[in-house]
Amino acid sequence: MLFTARTAMAFQFQSVAALSPLLIDSYGVSLADIGFLVGLYLAPGVIVAIPGGAMAAWIGDKRFVSLSMILMALGGMLIIWAPDWWSLTAGRLLAGAGGVALNVVMTKMVLDWFAGREISTAMGIFINSWPIGITLALLILPIIAETGGLHLAWTTVLITIVVCLALFLIVYRPAPDADTPTAQLEIVKFPAYALFLAGTIWALYNTALAMIFSFGPALLTERGLSLTSASSMTSLFMLIACISVPFGGYIADRSGRRDTVILVSLASYVVLMPLVLLMPITTVPVIFLVAGLFYGLAAGPIVGLPSAFLPQRARAFGMGVYYMIYYVWMMTAPAMAGKTADLADSVGAVIIFGIVVVLISIACLMLLRRTADKAVATV
């Protein structure tokens with residue numbers, strides 16, 4: 001059920017990138033503006049991530065997630081009725097506030113269920129909702145928009161959120177040993193440096209991924225494909241990543257070589273993604289297939305990194321810090337990449353941007369290897 005609810009968040013997040021060519025035509029905006037709008041959805045995470053975890057501990061995880069999904073729906077309604085660019089950005093910001101709060105607390109809820117057990121596998125399944133939601137948006141929304149217009153596409157997003165909210169309220173039950181709501185807020189200690197490195201790795205991993213699903217349609221239309229074909233080809237990367245994500249978690253859990261799985265996955269991006277720019281357009285589906293297969297492997301092991309040093313009482317606050325780092329990057333990186341593409345006068349520049357951030361994440365993983373064994377949390 002957590003997987004299903006988070007899929008709705010990813011579906012709403014990706015709606016802007018999936019519909020970007022139509023938004024550019026309708027609102028007369030640039031690629032930098034589209035990048036800003038993509039990042040705006042995650043912008044509230046900089047403020048909401050840490051207090052969101054504390055508020056969830058106060059009112060209860062399930063109630064907090066339900067309220068977050070209501071905010072997503074309200075933002076979706078504002079977007080449907082948006083008469084101009086400013087109303088669209090306001091709706092995007094409101095929906096994002098609900099989405100980012102939901103994301104932090106649901107990750108903590110998965111930790112409650114699986115910490116000390118198959119955490120990488122469980123996280124791999126859970127976070128697979130992100131590429132699946134993105135893939136569905138890339139496949140479905142352009143077709144709906146081309147047949148019924150932007151209004152119908154936005155309405156589809158809203159209906160998806162409302163249905164998932166109803167299912168969550170009916171189906172989900174808390175983990176047996178989950179924290180109960182409390183009226184008191186508790187200060188806990190945690191290994192800040194290790195958590196910072198783990199959060200940075202996850203942030204940069206997703207930043208590089210965003211270069212594909214946010215700008216892939218624009219990149220491929222620049223190379224001559226139609227919007228539908230470009231979105232379908234981009235969704236191939238996400239679809240293969242969806243398949244490989246749980247396997248990455250399973251391999252990490254069974255082999256005990258989590259860092260190796262992460263390193264191989266990150267290195268595949270650096271090696272394979274330049275080929276998207278250098279090879280003929282007919283070879284891009286094969287490149288996306290292989291790159292998505294390898295890149296998806298790291299997702300579960302990366303999200304499971306904090307479970308090695310965060311005790312239960314520090315999870316809500318610690319995961320808030322973890323996701324705050326993630327949201328800072330995801331708020332700014334798409335706009336930075338869009339600006340880079342505008343300056344280079346080519347969407348292909350975003351791929352180079354993605355390669356740079358992956359190299360930085362590899363360096364962070366090496367540093368984390370040195371510090372994780374020393375990161376013993378006390379409460």
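Student: How many of the 10 residues of helix 3 (residues 31-40) are buried?
Tutor: Before the count, a word on the source: this is a predicted model, where local features need pLDDT of at least 70, side-chain atom pairs count only at pLDDT 80 or more, and totals for chains, interfaces and linings use all residues. Residues are numbered from 1 along each chain as its sequence is written, and side-chain values use heavy atoms, with hydrogens and water left out. Helices (H or I, at least four residues) and strands (E, at least two) are DSSP runs, numbered from the N terminus. Buried means under 20% relative accessible area, exposed over 50%, and partly exposed in between, with a 1.4 Å probe and protein chains only. Here eight of the 10 residues of helix 3 are buried, and the helix is mostly covered. The buried ones are Leu31, Ala32, Ile34, Gly35, Leu37, Val38, Gly39 and Leu40.

Student: How many helices and strands does the protein have?
Tutor: It has 16 helices and zero strands. Of its 379 residues, 57% count as buried.

Student: What radius of gyration does the protein have, and what would a compact globule have?
Tutor: The radius is taken over C-alpha atoms, and the globule rule is 2.2 Å times the number of residues to the power 0.38. For 379 residues that rule gives a value near 21 Å; the protein has 20 Å, which agrees. Along the principal axes, its C-alpha atoms fill a box of roughly 55 × 45 × 30 Å.

Student: How do I describe two packed helices?
Tutor: Use the angle between their axes and the distance between the axes. Axes are lines fitted to C-alpha atoms, for helices over the stretch in contact, and angles run from 0 to 180 degrees between N-to-C directions. Take helix 5 (residues 61-80) and helix 8 (residues 129-171): their axes are 9 Å apart, at an angle of about 165°. Angles under 35 degrees count as roughly parallel, over 145 as roughly antiparallel, 65 to 115 as roughly perpendicular and the rest as oblique. Helix 5 and helix 8 are therefore roughly antiparallel. By class, their contact has 16 nonpolar, three polar and one charged residues. Ala, Val, Leu, Ile, Met, Phe, Trp, Tyr, Cys and Pro count as nonpolar, Asp, Glu, Lys and Arg as charged, and the others, Gly among them, as polar.

Student: At what angle do helix 1 (residues 2-18) and helix 6 (residues 85-114) cross?
Tutor: They cross at roughly 150°, and their axes come within 10 Å. That pair, too, is therefore roughly antiparallel. Contact means heavy atoms within 4.5 Å; among the residues that meet are Met9 and Phe13 in helix 1 and Met106 and Val110 in helix 6. This contact divides into 11 nonpolar, four polar and two charged residues.

Student: Is phenylalanine 213 buried or exposed?
Tutor: Phenylalanine 213, in helix 9 (residues 192-222), counts as buried because its relative accessibility is 0%. Leaving aside neighbours within four places in sequence, its contacts include Phe13, Trp130 and Met238. Its C-alpha atom is separated by 13 Å from that of isoleucine 34, 179 residues apart along the chain.

Student: Which residues does serine 268 touch?
Tutor: Not counting residues up to four places away in sequence, serine 268 touches Met273, Ala291, Phe294 and Tyr295. Serine 268 lies in helix 11 (residues 258-272) and is buried, with a relative accessible area of 8%.
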